[in-house]
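Me: I am new to this structure and would like to understand the terms used to describe it. Please set each value against its definition.

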Amino acid sequence: MTVNENMTTTDYDVVVAGAGPVGLFLGCELGLGGARVLVVERLTEVDETIKAGAVNIPSAVAFYRRGLLPEMAAVWEAALERMRAFRKQGDEGDRPRMPPKFAGHFAGIMMDPDLFDGSDPLWAEVGPAAEAGLGVPQAELERILARRAAQLGVEVRRGVELTGFTADGDGDGDVDGVTVHIRDLASGPEEIRAGWLVGCDGGRSTVRKLAGFDFPGTDPEITGYQAVVEMAGTERLGAGWNTTDVGTYVHGPFPGRILSVEFDGPPADRSAPVTAEELQASLRRVSGVPEVSITKVVTATRFTDNARQVTDYRKGRVLLAGDAAHVHSPFGGQGLNLGIGDAMNLGWKLAAVVRGLVPEALLDTYTAERHPLGAWVLDWTRAQIALMRPDRHARALRKVVTDLALTTTGTTYLVTQISGVWQRYDLPGDHPLTGRSAPDLELADGTRLGEHLHTGRALLLDLADDSELRARAEGYGERLDVLTVACPGRTDLAALFVRSDGFVAWAADGHEDGKALPEVLERWLGAPADAVHPAA
């Protein structure tokens with residue numbers, strides 16, 4: 001049991017609703033930060049339904065900083081091998097090559113990797129994550145994160161549904177907490193007492209609805225399907241992305257994988273099982289190929305372009321992350337990555353709050369930092385829907401955007417936006433690195449900066465062997481790792497303070513004296529030893 005010192009007893013510091021990638025990764029981050037965590041998930045097994053798989057640069061970097069990249073890269077390489085095997089056709093050596101390295105797409109307009117100009121220093125500073133090229137199936141990602149959660153002592157209970165909760169207090173009192181009502185599918189109802197509740201329970205979030213979060217946005221105008229099927233009569237289906245007078249469809253990149261989009265409004269019932277007849281009818285309408293037939297559905301899902309975002313990611317002791325906080329169409333593969341970024345941002349902050357190391361006001365920075373990125377993603381997906389509409393105005397605009405995309409400048413802009421390498425937070429400070437994801441510096445001892453973030457602790461990187469600077473950072477113990485080492489490739493830098501999530505909160509060049517460092521450290525880590533805030 002965990003006690004919030006003067007008052008109430010809790011079973012867990014944090015209950016996380018939802019064991020998808022976002023909920024599991026948040027559970028890992030909370031556990032890494034020293035919080036006692038319970039993750040509850042209604043499903044009894046990992047959902048094998050075809051879902052997101054594209055991992056962008058910020059997500060790959062996050063996994064790299066936690067030591068997860070090699071395992072994910074191995075899964076991706078195995079998937080590529082299976083794809084290569086699928087694409088071997090015919091005999092007498094007739095084996096078509098795999099397409100060139102995938103550079104992404106915008107509304108189905110494919111990017112040509114040969115036109116991409118990667119000379120921007122942002123790309124050079126990403127490190128090994130830039131070359132990962134990850135496309136990890138969501139089910140495999142969940143298994144990897146579940147294993148990490150178990151290693152960290154995070155409790156994950158499947159077959160357990162959140163049915164309600166009661167949040168007491170206003171977020172400022174010692175007795176604040178949340179009573180979470182759950183129903184174990186095997187044993188029945190239970191009550192759990194926690195300090196905090198985080199909803200990572202998807203686009204139709206129970207936590208969001210019960211807490212009464214405002215969820216403004218734009219209504220859907222499409223019904224989309226993504227599926228892996230067994231089918232026949234495919235000879236006239238175009239490969240890859242195809243735009244028609246009715247909508248858009250995708251065939252490939254491996255046999256049986258299809259996607260179709262029709263601009264006929266949202267489905268009547270998104271929760272109803274997707275049938276072979278429904279998929280076949282949609283694919284025939286969009287493709288104009290009446291002979292295509294679907295004989296078996298291996299996995300399928302519906303989607304729409306409903307685009308909404310909560311106005312604040314926190315209400316007292318209840319927070320949201322991932323699709324529970326924002327929904328949009330899946331085009332561009334941004335949803336999973338946006339949620340992973342939410343978890344990476346929130347986890348260390350909430351863990352520090354529950355341990356009494358920092359005041360609750362630190363959690364205000366969660367919405368301040370993540371909401372603008374969520375709003376950008378919603379508009380990025382809305383723009384793609386506008387280009388995919390079958391009306392003449394949209395098709396004329398699509399031709400213009402296609403011409404622009406097939407230039408070096410256009411490709412570089414779109415690939416950079418899709419990758420997320422540009423993302424930064426609006427943090428106090430004037431140094432160009434402040435608010436940016438930390439460059440993965442190659443250090444003189446043979447290590448890289450990202451390797452020193454596996455512990456989940458913040459890092460003060462002293463690149464100039466400055467004893468006065470290190471003295472300013474005394475008193476933080478296990479909250480802060482201090483590393484003194486040179487960086488031959490960046491002799492202009494004297495020091496960096498990197499938050500637990502890998503973002504630079506303070507940086508100094510050789511001419512700076514570091515007087516501002518103590519204030520920055522206290523802002524993000526709380527007061528040094530013997531002056532910590534009382535437990536939240």
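Me: Why are α2 and α8 called oblique to each other?

Reply: The axes of helix α2 (residues 57-65) and helix α8 (residues 334-354) cross at roughly 40 degrees and come within 9 Å. Angles under 35 degrees count as roughly parallel, over 145 as roughly antiparallel, 65 to 115 as roughly perpendicular, and the rest as oblique. α2 and α8 are therefore oblique to each other. Axes are lines fitted to C-alpha atoms, for helices over the stretch in contact, with angles from 0 to 180 degrees between N-to-C directions. Helices are DSSP runs (H or I, at least four residues), numbered from the N terminus.

The model is predicted: local features need pLDDT of at least 70 and side-chain atom pairs count only at pLDDT 80 or more, while totals for chains, interfaces and linings use all residues. Residues are numbered from 1 along each chain as its sequence is written, and side-chain values use heavy atoms, with hydrogens and water left out.

Me: What is the handedness of the crossing of α2 and α8?

Reply: The crossing is left-handed; that term applies if the near helix is turned anticlockwise from the far one by less than a right angle.

Me: Which residues of α2 and α8 meet?

Reply: From α2, S59, A62, F63 and R65 meet N337, I340 and M344 of α8, where contact means heavy atoms within 4.5 Å. By class, this contact has four nonpolar, two polar and one charged residues. Ala, Val, Leu, Ile, Met, Phe, Trp, Tyr, Cys and Pro count as nonpolar, Asp, Glu, Lys and Arg as charged, and the others, Gly among them, as polar.

Me: What makes a space a cavity, and how many are found?

Reply: A cavity is a set of points on a 1 Å grid, over the protein atoms alone, where a 1.4 Å probe fits but cannot get out; lining residues have an atom within 4 Å of a point. The search of the whole structure finds five cavities of 30 Å³ or more. The largest cavity holds about 360 Å³ of space. Of its 28 lining residues, P58, V61, R65, S437 and F503 are the closest to its centre. α2 gives the most to this lining, with seven residues.

Me: Which residues line the second largest cavity?

Reply: Its lining consists of F25, C28, E29, L32, R66, L68, L145, R148 and L152. By class, six are nonpolar, none polar and three charged. The largest share, four residues, comes from α1.

Terms used
Helices (H or I, at least four residues) and strands (E, at least two) are DSSP runs, numbered from the N terminus. On a 1 Å grid over the protein atoms alone, a cavity is a set of points where a 1.4 Å probe fits but cannot get out, and a pocket is an open set with protein on both sides within 12 Å along at least five of seven lines; lining residues have an atom within 4 Å of a point. Grid points are joined across faces, edges and corners, and a volume is the space filled by probe spheres set on the points.
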